[in-house]
Amino acid sequence: MLSHRAIWDGIDGLARRNGVSVSALAKLAGLDATAFNVSKRVSKDGRERWPSTESISKILEATGESFDSFLTGTGAFLPMTGGFAEAALRTIPLLGLAQAGSGGYFDDAGHPVGHGWDEVALPTPDDSGIYALEISGHSMEPLYREGDRIVVSPTEQVRRGDRVVVKTREGEVMAKILARQSAKQIELHSINPDYEPLFFDIVDVEWMARIIWASQ
C-alpha cells in the first residue's frame, strides 16, 4: 500500500542518492526550498500532508530518475515484469468529472455516496475516504489532461496553492488551483492560461477537497 510515510521516504531517498539535502533537491527542481521540510509533512491539526504530483514530477525531471524507480525506492511497490505487483494497487471509487455535478454522488462534506460509481485500481495512499475522478476538459493542461485520473481526499486540509476539486451549490464540479481564500470568497486558477480566474463566494461553495495524487 502506498503510504504517506513511503512517499516522503522516497523523496528523502532520492535526495540521498543525489548527494543533496531535501532543501537542495527542492531548489534544484525550481521549488521553494522548504517544500519538502519535515514541518510541511503534517498540517497544524495533525493530519498527514502529501507532496503534490507536480512537485514529484519536477524533482524526477531535475534528477533524471524515472517514476517507476522512485516508487520502487519507497518500498511500497514490488517490481515485476510488465509493471508492479497487483497487491500494490488499491480499488477506489471512480467517477467522471463531467458526471460528478449531476447530483447524488457526494454527501455535504464531499465524500462519495450513492450508486453509479465505477471502480479503479490505483497505487493510492491508505485513506478510507479517497476517490478518483476522471478529468474532462482542458483547463488544467498540461498538468492534467483529458482522461487522467486524479485522486481526491475530502479529509485533507486545503491550503493556498493546493490543487483542489470544488463543487458549487449550483452543482458544478471542477478541478482547479486554490489561489486565494478569505472568510467570504475563494479565487480559483487554471493551469491553462487560456482560462480566466474564477471567483466564488464561500456561501456558494458546497465543498472543496484536495487533489493528492494523479495517474496519467
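The side chains of D12 and R41 meet in a salt bridge, with 2.9 Å from N to O; a salt bridge here is a side-chain nitrogen of Lys or Arg within 4 Å of a carboxyl oxygen of Asp or Glu. This pair links distant parts of the chain, 29 residues apart: D12 lies in helix α1 (residues 4-17), and R41 in the loop between α2 (22-28) and α3 (53-63). Helices (H or I, at least four residues) and strands (E, at least two) are DSSP runs, numbered from the N terminus. D12 is buried, with a relative accessible area of 18%, and R41 is buried at 10%. Buried means under 20% relative accessible area, exposed over 50%, and partly exposed in between (1.4 Å probe, protein chains only).

The structure is a predicted model, in which local features need pLDDT of at least 70 and side-chain atom pairs count only at pLDDT 80 or more, while totals for chains, interfaces and linings use all residues. Residues are numbered from 1 along each chain as its sequence is written, and side-chain values use heavy atoms, with hydrogens and water left out.

By the salt-bridge rule, the count comes to seven. Among them are the following pairs.

| Pair | N to O distance |
|---|---|
| D12 and R41 | 2.9 Å |
| E156 and R210 | 3.2 Å |
| R210 and D162 | 3.3 Å |

E156, D162 and R210 are linked in a network of salt bridges. R210 counts as buried at 5% relative accessibility, D162 is buried at 9%, and E156 is buried too.

A further part of the chain forms paired strands; two strands pair if DSSP finds at least two bridges between them. Strand β8 (residues 173-181) and strand β9 (residues 185-189) are antiparallel and share four bridges, and a hairpin of three residues joins β8 to β9. L188 in β9 is the bridge partner of L178. Strand β9 also runs antiparallel to strand β10 (residues 198-201), again over four bridges, and D201 in β10 is the bridge partner of Q185.

D201 also belongs to a surface patch of negative charge, together with E170, E172 and D204. Such patches are made of residues with over 30% relative accessible area and no salt bridge, like charges being joined within 9 Å. D204 lies in the loop between β10 and β11 (205-215) and is partly exposed, with a relative accessible area of 37%.

Technical notes: Patch = residues over 30% accessible without salt bridge, like charges linked within 9 Å, V, L, I, M, F, W, Y side chains within 5 Å. Areas by Shrake-Rupley, 256 points an atom, 1.4 Å probe, with all protein chains shown as cover. Lys, Arg positive; Asp, Glu negative; His and termini not counted. Charge placed at Lys NZ, Arg CZ, Asp CG, Glu CD.
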